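Trainee: I would like to go through this protein model with you. Could we start with its interior and then move on to the charged pairs?

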Amino acid sequence: MNRWTSISELGLSRGLGRPALMAAASALAILTVAGSVLGAADDGPRVRQISGTVHNLSVEGPGTTRASDLDEVCRFCHVAHGGSDLGLLFNKQESQAAYVPYSSPSLHVTPDVPQSVSRLCMSCHDGTVALGDLLADNMLYTFPTGRETLQPGFGGIEPMLQDDHPISFAYQDAILNGNTELRDQLSLPVELQLDAGGQVGCGTCHDAHDNTQGFFLRRPLAQATICSDCHVKTGWLSSVHVNAVRPAGWQKAARTPGATSMAKATGDLQACNACHAVHYAVGQPLMAGPSEEAGCYGCHSTGGSATNVLNDFQQVSHHPIEATTGVHFNGENEQTMQRHVECADCHNPHAASNVGGAMGAMAEVPGITQSGLPVSPATDVQQVCYRCHGIDPPTNPEANRQVIGYSIREDFDPALSYSSHPVDRDSAGRSPSLLPAWINVTRIDCLDCHGEPNTGKPHGSPYPGLRQDVYLVGGTGRGSFPNDMALCGKCHDLNYLRSGNGVFRKHDEHLKKNFYCSDCHDPHGVPGNAINNGGLINFNLDIVQPWNGQIKMEFQPGDKPRCTLSCHGEKHNRKG
């Protein structure tokens, strides 16, 4: 066996018990620390690597944090005699810090305070124990003023571990408890080392003796290789973000001033590292931005309309992603979750693609089917919208409708609604007022009416209701034809309606008096029957009132539609 054999070569990550672990580790430490006693002629490649890294804290170390009076490279961590009971011939005082472990509902396990090898790392890296406080030496070696301990952002990660990648949990337990996005333990690359009991620890990703990969990582950081070794994200390799690069000059947010992110230090602003921070995260889950949307704005506030959505979310009408922070989590239950909306409710950043239109951008996002059941992934736009708009009736409806109490999903339900826009039903050519481009269209979706007027993206709009054009509701100040119904004119020939043609030949009279489409029609659909609710009829009761106790528009076979109601002070008695 080469005297510089690593812990992985001794098989310590594959389940040896603690006694065997300590015995083997101690043997390894003796080999590495006491090489001269064994008659070695040189330092060996392992020590040469350490001597050129910041883990060389001796007077000859290359970093700015180094001792003033000790020239032994290994002694800051190891000693042949008188080491810690923690094993590995460790030569540091153990930290007495009170740790606050990481927590997340999507982790499926509860991490413990640092255990095993991670406790050894923390004796320096939590910043509470002086770097020169060596156990066997029974003395305190001196370091430059301000460098006696590792400072936050300069190697010190502090006892508050909620902003750091979780450690001290059994990797396989996370899978058994329902985390379906982790690779099976037996499939992990041999370079990744689990602590005793199969726990994730600092040494799983880091090798304190080898800085070949940078940041003492065991696997490459580029394109998130080391992240993908454990985390399996469906659609990741074909997603637009796998090779996405942050704009020049972009800086990650960091909870600790001066904190150095891996991305800034290596110049690799790609993949996982562009959005997440392994240490010093300011948002959850380990996000590099203080809020969910702030992390997205790092890229999506610059460039053309394909990437810059910041202006959309500053429109008067927009999805209110700024209203909540830290509420959304992966796998949340739409029936019980706190009402909110974040970018990740509609987009899966690990699968989003610029191929496939709207559903490419919403790839691998869960949804709600027309029947109200959860589905993952969603297969069409409205299933994503139903996650929020398909559970309960609108809380602040724009119009005081005659028929109420239904969610938007139920408005489109063919089993409930006799008439609706063809979102969940086929309806090609049923309306004679359709423009030629729409006559043979079988179905539409929410994005045909809602979204930014130029791009159609449902982030924000200058028009109420996140609509793509003017659609006026209620009010006494009436405008003019056809401006007040421009949204409807996107699909319907408004001049055809003014000509007195169509199923209801009185459209012309109403339009001349500047009635709004919304006075009589419900834009989504209306649960009801063929007699009273054909043609999306669901009167706005602020405009249309009962007459003689009745308010209805009848669609009887072989007869023209007839109204019984009072509208703008004019009484209609089965008028048609």
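Trainee: Which residues touch the most other members of the largest nonpolar core?

Mentor: Phe169 and Tyr171 do, in a core of 18 residues. Apart from that core lies another, made up of 12 residues, including Cys520, Val544, Leu565 and Cys567.

Trainee: How much of the protein chain is buried?

Mentor: Of its 576 residues, 44% are buried. The protein chain exposes about 27,600 Å², and carbon and sulfur atoms supply 55% of that area.

Trainee: And how many helices and strands are there?

Mentor: The protein chain has 15 helices and 14 strands. Among contacts with a separation of 6 or more, 55% are between residues 24 or more positions apart.

Trainee: What is the average pLDDT of the protein chain?

Mentor: The average is 83, and 85% of the residues score at least 70. Among the elements, strand β9 (residues 460-461) has the highest mean pLDDT, 97, while helix α1 (residues 18-33) has the lowest, 37.

Trainee: Over which residues is the pLDDT below 50?

Mentor: Residues 1-48 form one such stretch, with 65 contacts in the model beyond near neighbours in sequence. Residues 257-268 are also below 50, and that stretch has 31 contacts beyond near neighbours in sequence. Where pLDDT is low, the predicted coordinates should not be read in detail.

Trainee: Changing topic: which residues of helix α3 are buried?

Mentor: In α3 (residues 116-125), the buried residues are Ser116, Ser118, Leu120, Met122, Ser123 and Cys124. They pack against α5 (202-205). After α3 comes Gly127, which has a positive phi near 75 degrees.

Trainee: And which residues are buried in helix α9?

Mentor: Glu292, Glu293, Gly295, Tyr297 and Gly298 are buried in α9, which spans residues 292-300. The cover over the buried residues of α9 includes α10 (343-346).

Trainee: Where is His328?

Mentor: His328 sits in the loop between β5 (317-318) and α10.

Trainee: Why does His328 count as buried?

Mentor: His328 counts as buried because its relative accessibility is 18%, and the cut-off for buried is under 20%.

Trainee: What does His328 contact?

Mentor: Leaving aside neighbours within four places in sequence, His328 is in contact with Glu292, His340, Glu342, Ala344 and Asp345. Its side chain makes a polar contact of 2.9 Å with the side chain of Asp345. A polar contact of 2.9 Å also joins the side chains of His328 and Glu332.

Trainee: Which residues are linked with Glu332 and Asp345 in a network of salt bridges?

Mentor: Glu334 and Arg387 are linked with Glu332 and Asp345 in that network.

Trainee: How many salt bridges does the count come to?

Mentor: The count comes to 15 salt bridges. One of the pairs is Asp137 with Arg75, whose closest N and O atoms are 2.8 Å apart. This pair links distant parts of the chain, 62 residues apart: Asp137 is in the loop between β1 (133-134) and β2 (139-140), and Arg75 is in the loop between α2 (44-51) and α3.

Trainee: Are Asp137 and Arg75 buried or partly exposed?

Mentor: Asp137 is buried, at 15% relative accessibility, whereas Arg75 is partly exposed, with a relative accessible area of 22%.

Trainee: With which residue does Glu181 form a salt bridge?

Mentor: Glu181 pairs with Lys233, the closest N and O atoms being 2.7 Å apart. This pair also links distant parts of the chain, 52 residues apart, with Glu181 in the loop between α4 (171-176) and β4 (199-200) and Lys233 in the loop between α6 (225-228) and α7 (262-266). Glu181 is partly exposed at 24% relative accessibility, and Lys233 is partly exposed at 25%.

Trainee: And what about Lys552 and Glu554?

Mentor: Lys552 and Glu554 form a salt bridge with the closest N and O atoms 3.9 Å apart. Lys552 is partly exposed, with a relative accessible area of 22%, whereas Glu554 is buried at 9% relative accessibility.

How values were computed. Residues numbered from 1 in each chain as written. Predicted model: local features only at pLDDT ≥ 70, side-chain atom pairs only at ≥ 80, totals over all residues. Heavy atoms only, no water. Buried < 20%, exposed > 50% of the residue type's maximum accessible area, 1.4 Å probe, protein only. Helix = DSSP H or I, 4+ residues; strand = E, 2+ residues; numbered from the N terminus. Contact = heavy atoms within 4.5 Å. Core = buried A, V, L, I, M, F, W, Y, C linked by side-chain atoms within 4.5 Å. Polar contact = N/O pair within 3.5 Å; in protein donor to acceptor, adjacent residues only side chain to side chain. Areas by Shrake-Rupley, 256 points an atom, 1.4 Å probe, with all protein chains shown as cover. pLDDT = per-residue confidence, 0-100. Salt bridge = Lys/Arg side-chain N within 4 Å of Asp/Glu carboxyl O.
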